Amino acid sequence: MKQPASAPRGKPAAKAKRKSREELNQEARDRKRDKKHSGHKSGSRANPEVQAANKGQGKKSQDPRVGSKKPISLVADGKTQPEKKPAAQSKPKAEKVRLTPQEELAKLENDERLDTLLDRLENGETLSGEDQAWLDQTLDRIDELMETLGIALDDEAEDEQAEEDMMRLLKGN
């Protein structure tokens with residue numbers, strides 16, 4: 001039979017020191033913190049160009065997404081698209097400028113189309129339906145603006161009658 005191996009002579013082997021619960025907990029927290037910061041940044045899958053810019057590379061990296069990058073039209077062969085009118089696109093739309101009531105009233109009073117239509121009406125001509133509708137709308141807008149501004153139409157006949165009534169009252173007749 002063999003004899004068991006004897007321990008090396010000299011210092012006896014030191015026992016491994018057991019770690020306290022606090023030390024074990026602190027080591028676990030350190031491991032967890034290190035593990036938490038590994039990996040890619042959030043959104044790196046959706047924004048690959050941002051990731052490449054952060055690395056400082058001058059060349060453009062390949063798109064990591066799988067599949068074809070060819071753009072696909074969402075409308076089937078133009079059957080459902082309405083036809084675009086080139087005349088409508090060529091006109092640049094002017095931004096509507098908000099005018100004050102005084103400016104708008106002055107603009108309407110100096111309108112050439114309004115003057116010509118009123119002259120035609122005074123001459124006894126009949127207007128087309130479109131012209132008549134535009135004229136009525138414009139005159140209504142002028143009335144609204146005048147009411148807003150507090151401008152009253154001076155009817156001379158009413159003023160003369162009021163003066164005559166006042167004179168009669170003062171004279172006692």
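At 7% relative accessibility, Thr138 counts as buried, because buried means under 20% relative accessible area, exposed means over 50%, and partly exposed lies in between (1.4 Å probe, protein chains only). Thr138 sits in helix H6, where helices (H or I, at least four residues) and strands (E, at least two) are DSSP runs numbered from the N terminus. This is a predicted model, in which local features need pLDDT of at least 70 and side-chain atom pairs count only at pLDDT 80 or more, while totals for chains, interfaces and linings use all residues. Residues are numbered from 1 along each chain as its sequence is written, and side-chain values use heavy atoms, with hydrogens and water left out.

**The chain as a whole**

- The protein chain has seven helices and zero strands, giving the pattern α-α-α-α-α-α-α when read along the sequence.
- Of the 173 residues in the protein chain, buried residues make up 8%.
- The accessible surface of the protein chain comes to about 17500 Å², with 51% of this belonging to carbon and sulfur atoms; such areas come from the Shrake-Rupley method with a 1.4 Å probe, and for residues only the protein chains shown count as cover.
- If we take contacts (heavy atoms within 4.5 Å) between residues at least 6 apart in sequence, 35% of them join residues at least 24 apart.

**H5 against H6**

- Helix H5 (residues 112-122) packs on helix H6 (residues 129-149) at an angle of about 110°, with their axes 11 Å apart; axes are lines fitted to C-alpha atoms, for helices over the stretch in contact, and angles run from 0 to 180 degrees between N-to-C directions.
- H5 and H6 are therefore roughly perpendicular to each other, given that angles under 35 degrees count as roughly parallel, over 145 as roughly antiparallel, 65 to 115 as roughly perpendicular and the rest as oblique.
- The crossing of H5 past H6 is left-handed, a term used if the near helix is turned anticlockwise from the far one by less than a right angle (right-handed if clockwise).
- On the H5 side, the contact uses Arg113, Leu114, Leu117, Leu118, Arg120 and Leu121, and the H6 residues taking part include Trp134, Leu135, Thr138, Leu139 and Ile142.
- By class, this contact of H5 with H6 has eight nonpolar, two polar and four charged residues; Ala, Val, Leu, Ile, Met, Phe, Trp, Tyr, Cys and Pro count as nonpolar, Asp, Glu, Lys and Arg as charged, and the others, Gly among them, as polar.

**H4 against H6**

- Helix H4 (residues 101-109) and H6 pack at an angle of about 145°, and their axes are 10 Å apart.
- H4 also makes a left-handed crossing with H6.
- Pro101, Gln102, Glu104, Leu105 and Leu108 of H4 meet Thr138, Arg141, Ile142, Leu145, Met146 and Leu149 of H6.
- The contact of H4 with H6 divides into seven nonpolar, two polar and two charged residues.

**Individual residues to look at**

- Leaving aside residues up to four places away in sequence, Thr138 touches Leu108 and Leu114.
- Asp111, in the loop between H4 and H5, is partly exposed with a relative accessible area of 24%.
- The C-alpha atoms of Asp111 and Thr138 are 10.0 Å apart, and the two residues are 27 residues apart along the chain.
- Glu144 lies in H6 and is partly exposed, at 43% relative accessible area.
- Glu144 and Pro101 are 43 residues apart in sequence, with 9.5 Å from C-alpha to C-alpha.
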